[in-house]
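Me: I want to learn to read a model feature by feature. Can we go through one together?

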Amino acid sequence: MLDDLLTTHLISTSIMVGVIWVVQLVHYPSFKYVNESDYIIFQKYHMSNISYIVFPVMFTELITAILILFFGEESLFFMLSLICLFLIWVITGVLFTKYHSILKEGKDLKIIKKMIKANWIRALLWTMRLIMILF
């Protein structure tokens with residue numbers, strides 16, 4: 001049981017590392033190049049469709065982390081990875097929900113630039129998580 005949880009957790013974290021780096025290096029920067037006249041439609045499309053990928057994987061990552069902790073995993077690296085996971089969820093809930101809400105109203109280059117800068121934190125936290133989980 002624990003081995004299956006660890007494998008599922010590792011897979012979900014690995015997927016999110018891949019997703020966050022594509023978002024950081026390709027997707028979020030592309031926001032700058034969408035025409036203002038198309039931006040609201042683009043942002044709504046992004047918000048509704050990225051959720052189909054991100055939500056189930058993030059939820060799986062969270063639930064498996066909680067179950068692994070429940071089954072008694074107490075290694076230092078795993079505990080540090082949980083702190084990273086907590087920070088990712090807080091940053092996502094506080095900052096990125098706000099940024100995307102603003103962008104649903106129209107293109108705002110200042111917000112897009114803030115979002116790209118702030119997303120480096122999530123990219124690094126997820127990458128550190130994956131490294132810690134592998135140990």
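Me: Let me start with one residue. Which helix does Ile 83 lie in?
Reply: Ile 83 is part of helix α3. Helices here are DSSP runs (H or I, at least four residues), strands are E runs of at least two, and both are numbered from the N terminus. A word on the source: this is a predicted model, where local features need pLDDT of at least 70, side-chain atom pairs count only at pLDDT 80 or more, and totals for chains, interfaces and linings use all residues. Residues are numbered from 1 along each chain as its sequence is written, and side-chain values use heavy atoms, with hydrogens and water left out.

Me: How many helices and strands does the protein chain have?
Reply: Four helices and zero strands. Along the sequence the pattern reads α-α-α-α. The C-alpha trace spans about 50 × 25 × 20 Å along its principal axes.

Me: Back to Ile 83. Why does Ile 83 count as partly exposed?
Reply: Start with the classes: buried means under 20% relative accessible area, exposed over 50%, partly exposed in between (1.4 Å probe, protein chains only). Ile 83 has 48% relative accessibility, so it counts as partly exposed.

Me: Which residues form the nonpolar patch on the surface?
Reply: First the rule. Patch residues have over 30% relative accessible area and no salt bridge; nonpolar side chains (Val, Leu, Ile, Met, Phe, Trp, Tyr) are joined within 5 Å, like charges within 9 Å. The areas come from the Shrake-Rupley method with a 1.4 Å probe, and for residues only the protein chains shown count as cover. In this model the patch consists of Leu 76, Phe 77, Leu 80, Ile 83, Phe 86, Leu 87, Val 90, Val 94, Ile 131, Leu 134 and Phe 135. Together they have about 1100 Å² of accessible area.

Me: Which helix gives the most to the nonpolar patch?
Reply: α3, with eight residues. Both α3 (76–103) and α4 (109–134) supply at least two each.

Me: At what angle do α3 and α4 cross?
Reply: Know the convention first. Axes are lines fitted to C-alpha atoms, for helices over the stretch in contact, and angles run from 0 to 180 degrees between N-to-C directions. Angles under 35 degrees count as roughly parallel, over 145 as roughly antiparallel, 65 to 115 as roughly perpendicular and the rest as oblique. The axes of α3 and α4 cross at roughly 160° and come within 9 Å. The two helices are therefore roughly antiparallel.

Me: Is the crossing of α3 and α4 left-handed or right-handed?
Reply: Look at the near helix. If it is turned anticlockwise from the far one by less than a right angle, the crossing is left-handed; if clockwise, right-handed. The crossing of α3 and α4 is left-handed.

Me: How do α1 and α4 pack?
Reply: Helix α1 (residues 2–30) meets α4 at an angle of about 155°, with the axes 9 Å apart. That pair is therefore roughly antiparallel too. The crossing of α1 and α4 is left-handed.

Me: What about α2 and α3?
Reply: They pack at about 160°, with axes 12 Å apart. So α2 is roughly antiparallel to α3. Their crossing is left-handed.

Me: Now charges. Which residue forms a salt bridge with Glu 61?
Reply: Side chains of opposite charge can pair when their charged atoms come close. The cut-off for a salt bridge is a side-chain nitrogen of Lys or Arg within 4 Å of a carboxyl oxygen of Asp or Glu. Glu 61 pairs with Arg 129, the closest N and O atoms being 2.5 Å apart. Arg 129 sits in helix α4 and Glu 61 in helix α2 (residues 36–70), so the pair ties together parts that are 68 residues apart in sequence. By this rule the count is one salt bridge.

Me: Are Arg 129 and Glu 61 buried or exposed?
Reply: Arg 129 is buried, at 0% relative accessibility. Glu 61 is buried as well, with a relative accessible area of 0%.

Me: Last topic: sequence versus space. How far apart are Lys 44 and Lys 104?
Reply: They are 60 residues apart in sequence and 6.2 Å apart in space, C-alpha to C-alpha. Lys 44 lies in helix α2 and is partly exposed at 48%. For another pair, take Lys 114 and Asp 4: 110 residues apart along the chain, with C-alpha atoms separated by 38 Å.
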